[in-house]
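Student: I have a structure open and want to learn how to read its features. Can we go through a few, one at a time?

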Amino acid sequence: MTTRDKPPVLVVLQLTGGNDYMNTVIPYTDPNYYDSRTTLGIDQDSVLRVDDELGFHPNMGPVKEIYDRGDVAVVHGVGYANSPRSHFRSMDIWHTCEPDIIGTEGWLGRAIRDLDPDGENPVTGVNIGQGMPRAMLVPGVSVASLADLSTYGLLTSIEQRERRDKMLTRFVNMYGQAIGTGPVQDYLGQTGLDALKGADILKDGLGRYSSGVEYADDPIAKSLRDIAMIHTADVGTRVFYCQHGSFDTHAAQAPSFDKLWTEVSGAIADFWDDLREHDADDNVVMFLFSEFGRRVRDNGSGTDHGAAGACFAIGPSVKGGMHGEYPETRPEALEQGDLVPNQDFRGVYSTILEDWLDLDPVPIVNGHFERPSFIESNGVPA
Amino acid sequence: MPDSKDIVLMAHLMRRAGFGATRDEVERRAAKGYEETVEELIDPPDDVPRADHHLLFRFIPSTETGGPNPIPGAAQWLYHMVNTQCPLEEKMALFWHHVFATGNSKVDNDNHLTMQTQMFREHGLGNYRDLLLRVARNPAMIFWLDNNENHKRAPNENWGRELLELFSLGVGHYTEKDVFECARAFTGWTIAAKIPRAPLHRFNWRFEFRPEEHDYGQKTFLGRTGNFDGEDIIDIILEQPACPRFIARHLYNFFVADEPQVPAWSVEPPRDPEAIESMAEAFVSSGYEIKPVLRAMFNSDFFKESMYRKVKSPVDVVVGTLRLTGDLQGPDPRLAAAGQEPAYMGQSLHDPPSVEGWHTGREWINSGSVVKRINFVADRVSDVELPGVRSIVERVAGEDAAMTPGALVDRCLEMIGPIEVSNDTRKELVSHAEDEGPLAWATDDEYKTSSRRVGDMLALIAATTEYQFA
């Protein structure tokens with residue numbers, strides 16, 4: 001790897017609802033898999049084989065191609081002890097790195113604070129989606145959050161451009177004047193100005209973007225396209241967040257799971273093609289996670305909440321291949337019918353934080369955890 | 001006729017004891033009188049309508065039960081808040097949800113959160129002792145704080161601790177030993193599954209006392225010794241002087257002015273200790289009846305003088321805007337989406353971030369939520385087709401054929417509130433209005449242009465820092 005002049009960027013894609021690990025990275029030579037997945041087992045011949053034990057789901061062709069280029073790292077058996085198997089609680093734990101108490105600070109919010117300690121750039125962190133994921137929330141840290149880049153901004157219901165611009169000028173004056181009139185007003189004034197500045201920066205980027213890549217017409221493709229637009233506009237964003245779902249496939253899993261992975265794989269491949277076209281791919285790592293995997297035995301139609309899952313790191317800077325051990329699938333090795341995690345998720349975060357973003361992971365993930373090594377180099381000179 | 005001071009004060013009362021009110025409602029209530037309105041809010045006559053939930057379920061049955069999915073429950077609650085004519089009942093339900101914060105993130109059974117909300121709606125203005133007992137027996141709460149794991153031989157302290165720390169006394173008014181003894185007294189207060197209403201449905205829970213799980217041994221709690229059970233523990237808690245003060249401070253923070261976050265209360269004194277004392281006194285002297293303490297609070301000078309000292313909560317923003325503009329009235333299919341709007345601003349109904357409830361005041365504001373807040377209001381108040389906005393436009397126009405830009409600003413501030421803004425803000429609003437010159441209302445075209453300018457002005461007012469405060 002060469003030394004780059006651009007700082008490393010992280011794109012997080014959350015697979016919401018509990019992605020079925022075993023049907024994503026399939027142990028296609030394991031009899032336990034076929035014994036447990038009597039309805040949902042993927043036929044050996046359809047599996048996209050990557051070695052003589054594991055292969056990807058048939059609808060993950062585009063991801064397999066990237067894998068074959070050496071740009072996909074799969075981290076096995078990720079989770080944490082005593083999974084509550086509740087979506088919301090588990091998602092909270094992944095977002096705050098606090099499995100025992102209810103945490104109030106998100107891990108990426110902390111990372112954004114460390115990347116931009118004086119809050120100089122209001123778009124250091126960007127979330128694509130409604131609301132703000134708890135992972136990005138830390139009091140006092142500004143993060144831009146937008147459902148759709150093309151309609152993002154303040155007072156967007158005022159359609160006529162000239163009128164709206166005039167109103168926004170008033171907004172800047174009013175919020176600037178609020179600063180210095182009291183602590184809450186100071187904070188509100190500054191936050192309002194940050195939000196508007198962030199929106200302006202992102203809008204400018206939108207104007208400059210053009211691409212030969214045609215993304216599909218589904219939500220995750222739109223989100224990743226927005227991220228590509230902002231990233232290629234070079235506005236200094238270091239952490240992006242988006243999500244897709246729902247992977248909560250309790251019933252009639254096969255068709256919905258097929259569709260979800262068609263969408264996710266296609267969007268990922270288009271995203272990387274787009275970045276390559278703009279020569280903007282080598283400082284990006286994409287990270288995929290889900291709040292848990294699913295039950296080993298299918299329920300005849302779908303799968304119920306499980307424990308261990310897989311994480312993916314994608315990009316030219318990752319060490320492609322399989323990392324860690326696939327958890328044991330023997331019935332006696334399972335806990336409540338679920339794969340037992342053998343890699344703490346906070347260790348995976350630590351690798352991303354330290355090896356990629358060049359941050360001290362310990363205060364962010366609340367401790368020391370065994371770290372898998374899946375980043376080749378972040379290009380930052382030692 | 002109410003004078004302008006009465007109007008300003010009534011708008012304040014309605015923002016706090018309800019979710020704001022249209023100008024017509026403010027004037028109607030002000031004409032009736034301040035104390036009379038307080039009385040009507042606290043003790044609504046039987047003929048004042050609540051939201052009709054049968055109507056909701058008839059037209060949108062999907063809002064009835066969500067199982068693990070919290071979206072129907074939030075939609076249902078939003079419907080109640082937008083449509084009720086007894087807004088203080090809903091405000092109190094929201095208050096108790098803040099205090100006894102229970103989250104679907106763990107409960108994973110939103111039907112029970114909805115039942116809990118209904119319990120707060122029915123009993124939130126009743127007696128605090130009765131409410132504490134209901135909460136102690138509430139299935140969602142029992143599961144949320146693990147009291148179903150609180151066994152005679154293996155006590156679990158979660159409920160016992162939060163009862164003392166967050167629901168009644170506050171840190172510093174009990175020892176670790178008290179927590180343990182409190183937990184022992186609640187052993188055996190658990191939940192049992194009810195047979196589901198249909199095959200493959202989710203099992204509902206009901207409260208169950210299991211004598212074989214209960215620790216009948218002697219306990220020493222807050223200096224008293226005896227064979228206490230949970231009810232005795234609650235009675236001992238109510239004897240502590242810290243208890244009425246703690247709940248009074250919660251009420252003050254929710255209805256009067258922003259206090260520091262709850263964990264700081266053991267070290268930071270209240271901003272108005274006298275107010276807390278007077279509320280605590282009203283609470284105790286009535287035997288923990290909730291209405292007398294609310295009556296004392298709303299009729300007090302400290303309440304009347306507390307205008308704009310609270311940052312609006314996301315629910316205040318969303319419900320207030322819908323009620324002001326007349327949007328989303330009745331059983332509207334957009335309720336499910338709208339029920340999530342407070343969540344996008346940081347207040348997910350039925351899913352507070354922790355048992356401590358939401359952090360309030362300036363912590364409602366971040367760079368994501370401020371955009372959502374402003375746009376949510378501006379989108380609606382600039383839509384002159386909405387019935388509430390149309391009536392604002394009509395009142396702004398009045399009988400005048402022409403109007404100065406300054407008059408436009410002042411009338412808009414009157415009709416959307418009234419709200420007060422700083423001189424700097426007013427200057428900006430006026431010079432914005434001056435950009436397009438004086439307004440005319442005589443011809444249809446003039447009326448149309450001027451209406452649009454009213455909508456723009458209301459949107460700009462919604463974007464002010466002042467509008468973020470209640």
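Student: Start with strand β8 of chain A: is it largely enclosed by the rest of the structure, or open to the outside?

Tutor: This is a predicted model, so read every value as computed. To judge a strand, go through its residues and ask how many are buried. Strand β8(A) covers residues 239-245, and six of the seven are buried, so the strand is largely enclosed by the rest of the structure.

Student: Which strand pairs with β8(A) over seven bridges, and in what sense?

Tutor: For pairing, look at the bridges and the direction. Strand β1(A), residues 9-16, pairs with β8(A) in the parallel sense over seven bridges. One position to look up is L10(A), which stands opposite V239(A) of β8(A). Strand β6(A), residues 125-128, also pairs with β8(A) in the parallel sense, over three bridges. There, N127(A) has Y241(A) of β8(A) as its bridge partner.

Student: Now helix packing. At what angle do α9 and α13 of chain B cross?

Tutor: Take the axes: how close they come, and at what angle. Helix α9(B), residues 128-136, and helix α13(B), residues 230-239, have axes that come within 11 Å and cross at roughly 140°. That angle makes α9(B) oblique to α13(B). The crossing is right-handed.

Student: Which residues of α9(B) and α13(B) meet?

Tutor: From α9(B), they are R129(B), L132(B), L133(B) and A136(B); from α13(B), they are G230(B), E231(B), I234(B) and L238(B). By class, this contact has five nonpolar, one polar and two charged residues.

Student: Last, the interface. How many residues of chain A are in contact with chain B?

Tutor: Interface size is often given as the accessible area lost when the parts come together. Here we count residues instead. The count is 40 residues of chain A in contact with 36 of chain B. On the chain A side, the elements giving two or more residues are α4 (87-96), β7 (144-146), α6 (161-178) and α7 (183-208). That side has 19 nonpolar, 15 polar and six charged residues.

Notes. Residues numbered from 1 in each chain as written. Chains lettered and ligands numbered in written order. Predicted model: local features only at pLDDT ≥ 70, side-chain atom pairs only at ≥ 80, totals over all residues. Buried ≥ 20, exposed ≤ 12 C-beta atoms within 10 Å, placed from the backbone. Helix = DSSP H or I, 4+ residues; strand = E, 2+ residues; numbered from the N terminus. Pairing = 2+ DSSP bridges. Contact = placed C-beta atoms within 7 Å. Nonpolar A, V, L, I, M, F, W, Y, C, P; charged D, E, K, R; others polar. Axes fitted to C-alpha atoms, helices over the stretch in contact; angles between N-to-C directions. Parallel < 35°, antiparallel > 145°, perpendicular 65-115°, else oblique. Left-handed = near helix turned anticlockwise from the far one by under 90°.
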